[in-house]
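Dear colleague,

My notes on it follow directly after.

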Amino acid sequence: MNTTWIRLPIEMTKESDGGDMLEQYRYCARCGEQLTRKHLEGRLRPVCLACGNVVYLNPLPAVAAVLIQSGRVLLIRRGVDPGAGLWALPSGFMEQGETPEIALRREVHEETGVMCAPGRLISATTHDDHVFGHVLVLAYTANCNDMTAFAGDDAVEAHWFETTHLPRLAFESHLEFIRQAELLHSLDHEIL
Ligand SMILES: [Zn+2]
């Protein structure tokens, strides 16, 4: 048989279509029966033949905050994977019923003790995380009056770093968010 390999665009590859996540879904959350897999609406999905439940695997929404005050950005050193021991922006997953802005205020306060006011949406990007699967990250600028920061929740340190002297970050995207926030800040102040 003549087999032709077609290279799919990245958004259609196994890594990003939730293929690896399918293994985690074995039993129906609705009726408890074993799930099977069926091609439905263009994808392989866990399906319950007993009750008809279809498990749709959606990206997990998360928020990340870029607080820049006097040329310094607020970072936390992560206590848990992914990226345990490395620095990152205060960030976390949205809870049911939260707006992105409320989730952002909560996460920043939990991880750093800082009360912030969310600003502008910098970026909405997705990435594949080996722990959580496909994650949608909404990055916002944020402002605060009091820069007093202390580590909380799953952060082991919280510190304001000069944006010109950043430590090694856990996620490449966070560096990108910081640079985008700086650019927005410059535009706001008509420096460019
Ligand atoms: Zn079922």
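The notes below take up a hairpin, a helix and a loop residue in turn. Please bear in mind that this is a predicted model.

The hairpin. Strand β1 (residues 36–40) and strand β2 (residues 43–47) run antiparallel and are joined by 5 bridges. Arg37 has Pro46 of β2 as its bridge partner. Between β1 and β2 the hairpin leaves 2 residues, and Glu41 in this turn has a positive phi of about 50°.

The helix. Helix α2 covers residues 172–188, 17 residues in total. From first C-alpha to last, α2 reaches 25 Å, close to the 24 Å expected at 1.5 Å a residue. Its buried residues are Ser173, His174, Phe177, Ile178 and Ala181. Viewed down the axis of α2, these buried residues fall within an arc of 145°, so they line one face of the helix. The buried residues of α2 pack against β3 (60–69), β4 (72–78), β5 (87–88), β7 (117–129) and β8 (133–143). On the face turned away from the buried side, α2 carries the exposed residues Glu172, Leu183, Ser186 and Leu187.

The loop residue. Val131 lies in the loop between β7 and β8. Val131 is exposed, because 9 other C-beta atoms lie within 10 Å and a residue counts as exposed at 12 or fewer. Leaving aside residues up to four places away in sequence, Val131 touches Asp81 and Pro82. Val131 and Asp81 are 50 residues apart along the chain, and their C-alpha atoms are separated by 7.7 Å.

Yours sincerely

Terms used
Residues are numbered from 1 along each chain as its sequence is written. This is a predicted model: local features need pLDDT of at least 70, side-chain atom pairs count only at pLDDT 80 or more; totals for chains, interfaces and linings use all residues. Two strands pair if DSSP finds at least two bridges between them. Helices (H or I, at least four residues) and strands (E, at least two) are DSSP runs, numbered from the N terminus. The expected span of a helix is 1.5 Å times one less than its number of residues. A residue is buried if 20 or more other C-beta atoms lie within 10 Å of its own, exposed if 12 or fewer, and partly exposed in between; C-beta atoms are placed from the backbone. The arc is that of the directions from the helix axis to the C-beta atoms. Two residues are in contact if their C-beta atoms, placed from the backbone, lie within 7 Å.
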